[in-house]
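Trainee: Could you take me through this structure step by step? I have not worked with it before.

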Amino acid sequence: MASRGGAVRAVAKAVTRSLPLGSARGRRAVWRLLALAAVLALVSTGCSKSSSSSGLHQFLFQNKESLPIAHEMIPVALPSGKKAQDIIDDTKAKGVNADGEAVAEDDWLHIGGDFGTADTGAGVVETLYLPPGTYAIACWQTGNLGGGEGDPHAARGMVFQFTVTS
Ligand SMILES: [Cu+2]
């Protein structure tokens, strides 16, 4: 576990370095996401300068859980004044529908569609064009670690906020 923790910290550093997080709260959001051990790593960018600038960005999303569980990485644009915590609160408040899907997911503008889920051990690569703005990546999957269903992961804090500058 110690070695995985080290790897997670290394990735967290890479993410926080690559994506300019405007606040300590943003950095805490990273830790909440990583606490679920679904590791988001920025692997490369399609534009020349820093990954924080607008343009094409490629993300590698790896599920490094130790037990079976599906995660997803849904990029959304945050309306002015909204933060990752608003997604968390909204998802908590609205729960799941009769099909067991998070009701709040459709409240948030999906900018890159649903790139699909990544089961434990799998990875998904996503390429997004990001104009300047404030964004979040959320997971609305509802599985529990090792099996069964529970609250949407976004309600458990699996939301990561970041900003893109011009
Ligand atoms: Cu998840």
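Mentor: We shall go from the overall make-up of the chain to single residues.

Trainee: What kind of model is this, and how are residues numbered?

Mentor: This is a predicted model, in which local features need pLDDT of at least 70, side-chain atom pairs count only at pLDDT 80 or more, and totals for chains, interfaces and linings use all residues. Residues are numbered from 1 along each chain as its sequence is written.

Trainee: What is the mean pLDDT of the chain?

Mentor: The mean is 74, and 67% of the residues reach 70 or more. Here pLDDT is the predictor's confidence in each residue, from 0 to 100.

Trainee: Where does pLDDT stay under 50?

Mentor: Over residues 1–51, for which the model has 79 contacts beyond four places in sequence. Two residues are in contact if their C-beta atoms, placed from the backbone, lie within 7 Å.

Trainee: How many helices and strands does the chain have?

Mentor: There are three helices and nine strands. Both are DSSP runs numbered from the N terminus, helices being H or I with at least four residues and strands E with at least two. Starting at the N terminus, the order of elements is α-α-β-β-β-β-α-β-β-β-β-β.

Trainee: Which strands make up the open sheet, and in what order?

Mentor: The open sheet has four strands in the order S5-S4-S8-S9, with antiparallel pairing. Strand S5 (109–110) and S9 each have a single partner strand, so one side of each is left without a neighbour in the sheet. Two strands pair if DSSP finds at least two bridges between them.

Trainee: How many bridges join S4 to S8?

Mentor: Four bridges join these two antiparallel strands. In S8, Tyr-135 stands opposite Ala-77.

Trainee: Let us turn to H3. Which strands does H3 lie across?

Mentor: H3 lies across S8 and S9, and runs at about 150° to S9. For that angle, axes are lines fitted to C-alpha atoms, for helices over the stretch in contact, and angles run from 0 to 180 degrees between N-to-C directions.

Trainee: Which residues of H3 are buried?

Mentor: In helix H3 (residues 84–94), the buried residues are Ala-84, Ile-87, Ile-88 and Thr-91. They cover an arc of only 100° around the axis, which puts them on the same side of H3. The arc is that of the directions from the helix axis to the C-beta atoms. A residue is buried if 20 or more other C-beta atoms lie within 10 Å of its own, exposed if 12 or fewer, and partly exposed in between, with C-beta atoms placed from the backbone.

Trainee: What follows H3?

Mentor: Gly-95 follows H3, and its phi is positive, near 65°.

Trainee: How many residues are in the largest nonpolar core?

Mentor: The core has 25 residues, and Ile-74, Ile-87 and Ala-136 are among those with the most contacts inside it. Strand S2 (55–63), strand S4 (74–77), H3, S8 and S9 each give two or more residues to this core, and S8 has the largest share, with four residues. A nonpolar core is a set of buried Ala, Val, Leu, Ile, Met, Phe, Trp, Tyr and Cys residues joined through C-beta atoms within 7 Å.

Trainee: Back to Thr-91: why is Thr-91 counted as buried?

Mentor: Thr-91 is buried because 28 other C-beta atoms lie within 10 Å. Its contacts beyond four places in sequence include Ala-102, Trp-140 and Ala-154. The C-alpha atoms of Thr-91 and Ala-154 are separated by 6.4 Å, although the two are 63 residues apart along the chain.

Trainee: And where is Trp-140 found?

Mentor: Trp-140 is in the loop between S8 and S9, and is buried, with 24 other C-beta atoms within 10 Å. Apart from neighbours within four places in sequence, Trp-140 contacts residues including Ile-74, Thr-91 and His-153.
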